[in-house]
Structures are given as structure tokens and as C-alpha cells.
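Student: I have a model open and I'd like to learn how to read it. Can you walk me through a few features?

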Amino acid sequence: MSPTKLPDILPIQPFTRPVRGEVTLPGSKSLTNRALLLAALCKEKVVLTGALFSEDTHLMVEALKALGFTVQANADAGTIEVSDQSNGFTKPAPVDLHVGLAGTAARFLTALCAAAPRGIYRIDGIPQMRKRPMKGLIDALRALGADVRCTGVDGFFPLEIHAKGLRRGEVFIDASESSQMLSGLLMVAPLADAPIRIKLSTKVREPFVQMTKNMVNQFGGAADFNPASASWEVAKKPYTLAGTYSIEPDATAASYYVVLPLVTGGSLNLLNLHEGLQGDTQFVEVMKRVGLSATSSPRGLEVSFTSGSPLSGVSENFNEFSDTFLTLAAIAPLLTGPTRITGIAHSRKQETDRVAGMVRELRKLGQEVDEHTDGDGLTITPQPLKSGVEIETYGDHRFAMSFGILGCHDLHGDGRPWISIKDPACCAKTFPHFFELLESLRLKSLSPS
């Protein structure tokens, strides 16, 4: 089912009654795009269940098709089937791949094409993608013998890769600007002609790398961190998974509905959301300190908040789960006392400069915001909220969804919209039905129990 067409500017209808009910979250983007790549490297058919259907995963699917793999997606069933892996990398050169603004697709496909046994691959995205960091991955692939050519500025898209496989050896990678670069290298390293040892030249955010390591091993590979050598060691071992692989609900997407009861009062059950492979589940612990009640059950995670209870600002380093910092920052005006967020300097080089963008939008809402001089965070001191504000999203889905949740707060006490979201359709990147789901919960809250 396609999402409803959204207007260019969407007024957010506040909740006048506490939220209640259940939420079925989309599948994890991070897991879906990793699983797509790993399934393509297996020998037999793999069916992904609970997969995400969004712009980012569509770009990955279309790229794999262009590379010769058979990929059949069924959005209604939530499944993606990858098969005919022997046909991969057999299409006549050159093959053009478009990654839009999808960081996972960009880094993973670059690594995949560099590790291919043959072919010429040209990879590019939208102009904004040409500003996102790639150099750490490119340098590491070149050190492993890959012929990766930057046809514009060195270290950035567009790329042209003349594939001849990867050779054995020890390689250093700087993945400080995006752990996706290390993840991409870990997933394709088993394709090299012998084991590979990967050393980090700088610190990397661990949760997504651990997710990748676990998935490599689940698909039959062998990757692990060796404390003795302070390196990642990946064996030359084929991927062997056959059959089905289940994708968890997206923990980052869950963050918006985790905080919704704090904004509206009430409770929600986030179905099938459990502590699993995703580091962004750490966000729930932060929100417990704010004032949220959260209880795990076999059905998922139940979150609740009683209106009138205290809501406290917090201080938190979001380095390891930074995609969720916007969710907290957007609702910080509703909390008591300052909220201090650090560890997010790298988010300045994501879909947009997320730190500077958040500072601008919160100030439009009348908030006192200190952008830290080291560039690594911000402190929000709540002030009376201004009404009639249009939130700029910068084409970034996380701005749209975070401030969409803030708009559910009944500022005037009579259900009048007071905040509007520009370009709400940018949510299609990871959560195409976000605003439909939000409105359905509002309507449900109005109906008799």
C-alpha cells in the first residue's frame, strides 16, 4: 500500500486526549540494507521477513538488480527474496548505480563493487550525497588492491570502480565520520583471496559495528575483534545462510513513538520491539530518566506517562545512538530544566548538519539553545513555545518526524495546530507511513474505549 500524498506544508493536529493503542513499526533500515548485501553474497535463496520498504531500501534493491541479482519484493507481506546469486557481477560493463542520499547503500555498495571479481561500476547520488564522507572507506579499499577512482573530488562521490577483487593483508581504516565505512568493509572482507585484518586508525561508534559483526556471523561468515592485536579479523569463509532471515522493528523509528506518551499522556505498546541487534534501543533508558515508564513483555515494549507527572531535562552523550538525539532535542521544550546533548559532532555530516539545523529550528520556537563551541553538542533551556512556526526539514526525515511528535502537544489546550512541517514527504526515506500512523493514533484517542 502506498502512503497518502502529503502536502508541501503539513500542520500537525495536536492530541486532545491521551494516546493509547498499539504500534506496528517498520523494519530496521540498518538491518534490511545489511541483510540485502549479505543475502546477495550467499549461494542459495534468502528471504528477508519483516523488511523495511522505504526509499533507502528501494535504492539498495534496485542496485542489486542492476548488478545482476534477482530481488523480488512483496511490500504487503513485508518480504524481500534474493536469489540467482551466481548471476551477480555478470552484466556488461559499465554498470551505473544510483544511491540517492542513502548512506548505507552508498558505503555498502562501494565496498561490494570493489570486492567484485570483475566489472566496471559507476556509483553516484544526489548532490548532497557528494558531500558525505567516503574517504576512509575508499583509502582502505585501495590499500586492499581495489581500483577506486573518484571522478570529482577525491574521497567523495561520484566513483568509478574497476573491480578485480580484494587481496589479503592488514589494512587501516578511518571510520570516525561514519561507522558504515567499517561495516561495509567487514561485510565484503570474506570475499578477499585470504583473511583480512582491519585496524582502526581512530575510534569508531561501536553499536552499529557490533550489529554488522553479528550479522556477518549469522549469515555464515567469521568476523570478530581481537583485543590482542586491537584489530578486526575476518576469515576467508563463504556466506552459507539459506532460507529466511527475520528483520527486527526499527529501533530509531521507535524513538518517536517511545516519546509520544510524554507529549500527550497515555500509553502505547510498540509491538515486537525488544533489545536485539540495534544499539538505538539505548534511547529508552534515557527517556526513563526523563520520566517515561517502560515495560518489556513478550509482545514488545509498553511505554506510558501520566499527564502532570514531572518531566526532567537530562544530560546524555549520544555518540553511540546519535540518530535518536533529534527526538529528545525536539521535545526538550516540554521538559523541566536544561537538556544537554553531546557526542554528536559526526551528525553534522549526515543528511544535513543536524546540530546546526536543530539549533535553528528550536530557536524559531522561542527556545534558548547553546550550540557548544567544540561543535559536539547543544544545551536546550526550555522557554515558552512560539505558535505558528513552520519547521524546515532540510530534506531530512528525522527533523520531520521529531518535530511532528512535538506538534502533538496541545499547546493552546483546544486542539488548534500550532506547528507545521515543511516537506513532510521526506519521511519516505525510512518511514513512509509515519504521519498516517500518527493521525490514526490521534483519531483512536478520541474514540470511546
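This is a predicted model: local features need pLDDT of at least 70, side-chain atom pairs count only at pLDDT 80 or more; totals for chains, interfaces and linings use all residues.

Student: Let's take Arg132. Is Arg132 buried or exposed?

Tutor: Buried means under 20% relative accessible area. Arg132 has 5%, so it counts as buried. You'll find Arg132 in the loop between β7 (120-124) and α4 (135-143).

Student: And what is Arg132 in contact with, beyond its neighbours within four places in sequence?

Tutor: Its partners include Leu101, Gly103, Phe156 and Glu351. The Arg132 side chain also comes to 3.0 Å from the backbone oxygen of Leu101.

Student: Where is Arg354 found?

Tutor: Look at helix α10 (residues 354-364). Arg354 has a relative accessible area of 1%, so this one is buried too. Skipping residues up to four places away in sequence, Arg354 touches Asp323, Ser347, Asp396 and Arg398, among others.

Student: Now the nonpolar part. Which residues touch the most other members of the largest nonpolar core?

Tutor: Leu67, Ile198 and Phe219, in a core of 83 residues. Helix α3 (residues 103-115) gives the largest share of this core, nine residues. Apart from this core lies another, of 71 residues, including Val19, Ala294, Leu378 and Ile421.

Student: What does Leu67 contact, leaving aside neighbours within four places in sequence?

Tutor: Among them are Phe89, Val95, Leu97, Leu109, Leu112 and Tyr121.

Definitions and conventions
Residues are numbered from 1 along each chain as its sequence is written. Side-chain values use heavy atoms; hydrogens and water are left out. Helices (H or I, at least four residues) and strands (E, at least two) are DSSP runs, numbered from the N terminus. Buried means under 20% relative accessible area, exposed over 50%, partly exposed in between (1.4 Å probe, protein chains only). Contact means heavy atoms within 4.5 Å. A polar contact is a pair of N or O atoms within 3.5 Å; within protein, one must be able to donate a hydrogen and the other to accept it, and residues adjacent in sequence count only if both atoms are side-chain atoms. A nonpolar core is a set of buried Ala, Val, Leu, Ile, Met, Phe, Trp, Tyr and Cys residues joined through side-chain atoms within 4.5 Å.
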